[in-house]
Amino acid sequence: MKTLLRVLQYLRPYRLMVLGTFLFAGLTTAFELVPPWLIKILIDDVIQANRVELLTWVFVGLAGSYLLRNLCSSMRIRLNNSLEQQVVHDLHVQVFAALQRLSISFFENRPTGEIMSRVLNDTEHMQRIFVDGLEEIITAGLTLIGIMVVLFWLNWKLALLALLPIPILIIGAALFTKRVHGYYREIRKGAAELNALLQDSLAGIRETMGFNRQPYEQDRFGRKSDQCRKDTLKAMYLWSFYSPGMMLIGSLGGALVLWFGTAEVLAKHLSVGELVMFTSYLALFYVPINQIHSVNHMLQHALAASERVFDVLDTVPDVRDEPGIQAPVARFTGAVAFDHVQFHYRSDAPILKDVSITVRAGERVALVGPSGAGKSTTLKLLNRFYDVTGGSITIDGMDIRRVPLAFLRNQIGLVQQEPFLFNGTVRENILYGDLSAGQEAIEAAAKAARAHEFIVKLPEGYDTWIGERGVKLSVGQRQRVSIARVLLKDPPIVMFDEATSNIDTETEVKIREALNELTKGRTTIIIAHRLSTINEVDRIIVVEHGRVVEEGTHEVLITRGGVYSRLYEAQFQV
Ligand code: ATP
C-alpha cells in the first residue's frame, strides 16, 4: 500500500489530467448504464404495451448513448496515455539522475545489466499502474458503484442476492494478492539477472569466441531463462485457479438471481422486461469485478517492479557533499598530500595501511609498487570515488571532503588504465573534456596529445564513429584520445594510470610525448605499472603492503637496492 501511494505521488503535477480521466471515465460509465434501461422500455412498452411510436426514440437513444460513450472513452484513453507517458518520462529521468549521483561502490557491487533492468524494464512494468491500473480501476470502480445503485433501485431483494458472492471474492483477492506479490518479486529479480547475464555475455563476446565457449554460454543463459520461465509460471498457475474460480462464484450469484427473479416474474411481482433489465445490469456488474481482479494481478507485478525502482531512488551515495559546503573561489594550485591514509574495500582486508605522500604543486611523481599494492586505489581516493577510512587527503591544504565533489573533480584530469570512450564520434569524445570548446581548441588538444595525425586519417576525421568503448581504435589511439580529452579539460592536477598492456615502441613514444604535453605545469601522479615510462618524473614513490616504503629519484632508488631496484631488475632482467 505504501508503495502504491508513493507511485501515485507521481500523478501530483498532472492533477488536471487525472481529473479529466476521472471525468471522462465517469461519463463513459453513465452512458453505459443507459442501454439496459432503453431495452426494458423496448420490451415492456414498445413490444408488450404496443407503443410503436416509442421505437424510433429508443433507437435514437441507443445510438446516441453508444456514440457518447465511445467519444468519452476515446477522450479518457487519450488523456490517460498522455498522463502515463509523462509519468514514465519523469521516472526515467529521476532514476537516471539518481544513478548519476550514486557512488562508484554502487556500480562496482552490481552487474550493469541488473541496473539497466531497473531503469528500463522495472519502470516499464511500473508504468502499467498508470496505463491499465489507474484507467481500469477508475472505470471499473465507477461502473460498479453506478450499477449497484441501479440494482438496489430496481429490486433490493435481487440486488442483495447478487451481492452474496462479494465477501468470498474479497477474501480470495486478499489471499491471491499476498501470494502473487512474492512471486512477482522473484520474477523481477530473475529478469534482472537474465539481463545482467546477457549484458555480460555480449561484453565478453570476444572471449567467448576465443575460448570457443559458445555452448557454455548458451547453457548458462538457457538455465537462467528456464528459471525465469518457472518463476513466471508460478504466478500464471496461481492466476489460472484464481481467475476462473472467482468467475465461477460470480456466475453462481447470477444463477441465484435468475432463479429467484423468475419466481418473482411468475408471481407477477416483476415484469419480464424488468428481469431482463436486471440481468443485463448484473452482467455489467461482473465485468468490472473481473476487471478489478485482472488489475490487481497486474498491480502486484507493477508494485514488485516499483519496489526495485524505489530501491535505487532511496540509495544514499556513500560519497556525498556535506550540506552547505562552498567551492573555493580560485582553482587549486595542486599541492596534494596524503596524511596517514588508511583504506579498505572490505574491513577484513586493508589495502592502504598508513600512506603519507606529499606532492608539491607542479611536481611530477610516479607511484610504483608490486601488483595489487594499492596504486590505482590511491587514484580513486584522490578523486573521492571512495572516501578514506582513516587519515585525510588534502589539496592546497584543504581536506577534499570539505570541497564540493563537482569542484574537486574539475581540478583533476584522469587518464585511466583502460580509458573508456563513449559510443560516438572522436569529436564528441574529446569534447567531453569541455563541452563548450570549439573545433580549434579540440584540434589543439588532439595535436598536443599526438592524436590529430591519426584522427585526420580516419574515414571521416573527427566525425568518425568509434564504436562501443572505442573498439574501432587501437589501444594506443584510445589512450591518446583520452589524453586529448583531459587536455581540453585543463585541470591543475593530472593522474595517469598507465596501461598495463604492451604497446609498440612507436606508439609508446607518442604516448610519452602526449603525456609530457599533458603534464606540463600540472601536478602529476603517474601510476606506473611498467617502469619504462617513468624516466621523466621528479620523484618516485614506492608502495608495498599498503605503506610507502621508498621515495627518491630513479638513480637513488637503484643504488639503494630496495623494493624499487628489485622491481626494476625483474622488469628489465638486468
Ligand atoms: P596493479 O598494478 O596490478 O594494477 P594496483 O597496485 O593498482 O595493482 P589496486 O588496483 O589499487 O592495485 O588494488 C589493490 C587491491 O584492492 C587489490 O588486492 C584488489 O584486489 C583490491 N581491489 C581493487 N578494487 C576493488 C574493489 N572495487 N572492491 C574490492 N577490492 C578491490
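Visitor: How many bridges join strand 4 to strand 5?
Guide: Two bridges join strand 4 to strand 5, residues 398–399, and the two strands run antiparallel. This is a predicted model.

Visitor: Which residue stands opposite methionine 398?
Guide: Isoleucine 395 does, with methionine 398 sitting in strand 5.

Visitor: And what lies between the strands of that hairpin?
Guide: Two residues separate strand 4 and strand 5 in the hairpin. Aspartate 396 takes a positive phi there, near 50°.

Visitor: Is strand 4 mostly covered or mostly open?
Guide: Mostly covered. Strand 4 spans residues 390–395, and five of its six residues are buried.

Visitor: Where is serine 392?
Guide: Serine 392 is in strand 4.

Visitor: Buried or exposed?
Guide: Serine 392 has a relative accessible area of 15%. Buried means under 20%, so serine 392 counts as buried.

Visitor: What is serine 392 in contact with?
Guide: Setting aside neighbours within four places in sequence, serine 392 is in contact with Ala337, Phe338, Asp339, Val341, Asp399 and Arg401.

Visitor: Phe338 again. What is the bridge partner of phenylalanine 338 in strand 4?
Guide: The partner is isoleucine 393. Strand 1, residues 336–346, is joined to strand 4 by five bridges, and these strands run antiparallel.

Visitor: How many bridges pair strand 1 and strand 2?
Guide: Seven bridges, in the antiparallel sense, with strand 2 covering residues 349–359. Strand 1 and strand 2 form a hairpin with two residues between them. Arginine 346 has alanine 349 of strand 2 as its bridge partner.

Visitor: On to helices. At what angle do helix 15 and helix 17 pack?
Guide: At about 125°, with their axes 8 Å apart. Helix 15 runs over residues 439–448 and helix 17 over residues 475–489. That angle makes helix 15 oblique to helix 17.

Visitor: Which hand is the crossing of helix 15 and helix 17, left or right?
Guide: The crossing is right-handed. Helix 15 makes the contact with Ala441, Ile442, Ala445, Ala446 and Ala448, while helix 17 brings Ala484, Leu487 and Leu488.

Visitor: How do the residues of that contact divide?
Guide: Into eight nonpolar, no polar and no charged for helix 15 with helix 17.

Visitor: What about helix 3 and helix 11, at what angle do they cross?
Guide: Roughly 160°, and their axes come within 8 Å. Helix 3 is residues 34–48 and helix 11 is residues 272–314. An angle over 145 degrees counts as roughly antiparallel, so helix 3 and helix 11 are roughly antiparallel to each other.

Visitor: Which hand is that crossing, left or right?
Guide: Helix 3 passes helix 11 in a right-handed crossing. On helix 3, the contact residues are Pro36, Trp37, Lys40, Ile43 and Asp44. On helix 11, they include Val272, Glu274, Met277 and Tyr281.

Visitor: How does the contact of helix 3 with helix 11 divide?
Guide: The residues are eight nonpolar, two polar and three charged.

Visitor: Last topic: leucine 67. Where is leucine 67, and is it buried or exposed?
Guide: Leucine 67 is in helix 4, residues 54–101. Its relative accessibility is 55%, so leucine 67 counts as exposed.

Visitor: How far apart are leucine 67 and valine 537?
Guide: They are 470 residues apart in sequence, and 83 Å apart in space from C-alpha to C-alpha.

Definitions and conventions
Residues numbered from 1 in each chain as written. Predicted model: local features only at pLDDT ≥ 70, side-chain atom pairs only at ≥ 80, totals over all residues. Heavy atoms only, no water. Axes fitted to C-alpha atoms, helices over the stretch in contact; angles between N-to-C directions. Helix = DSSP H or I, 4+ residues; strand = E, 2+ residues; numbered from the N terminus. Parallel < 35°, antiparallel > 145°, perpendicular 65-115°, else oblique. Left-handed = near helix turned anticlockwise from the far one by under 90°. Contact = heavy atoms within 4.5 Å. Nonpolar A, V, L, I, M, F, W, Y, C, P; charged D, E, K, R; others polar. Buried < 20%, exposed > 50% of the residue type's maximum accessible area, 1.4 Å probe, protein only. Pairing = 2+ DSSP bridges.
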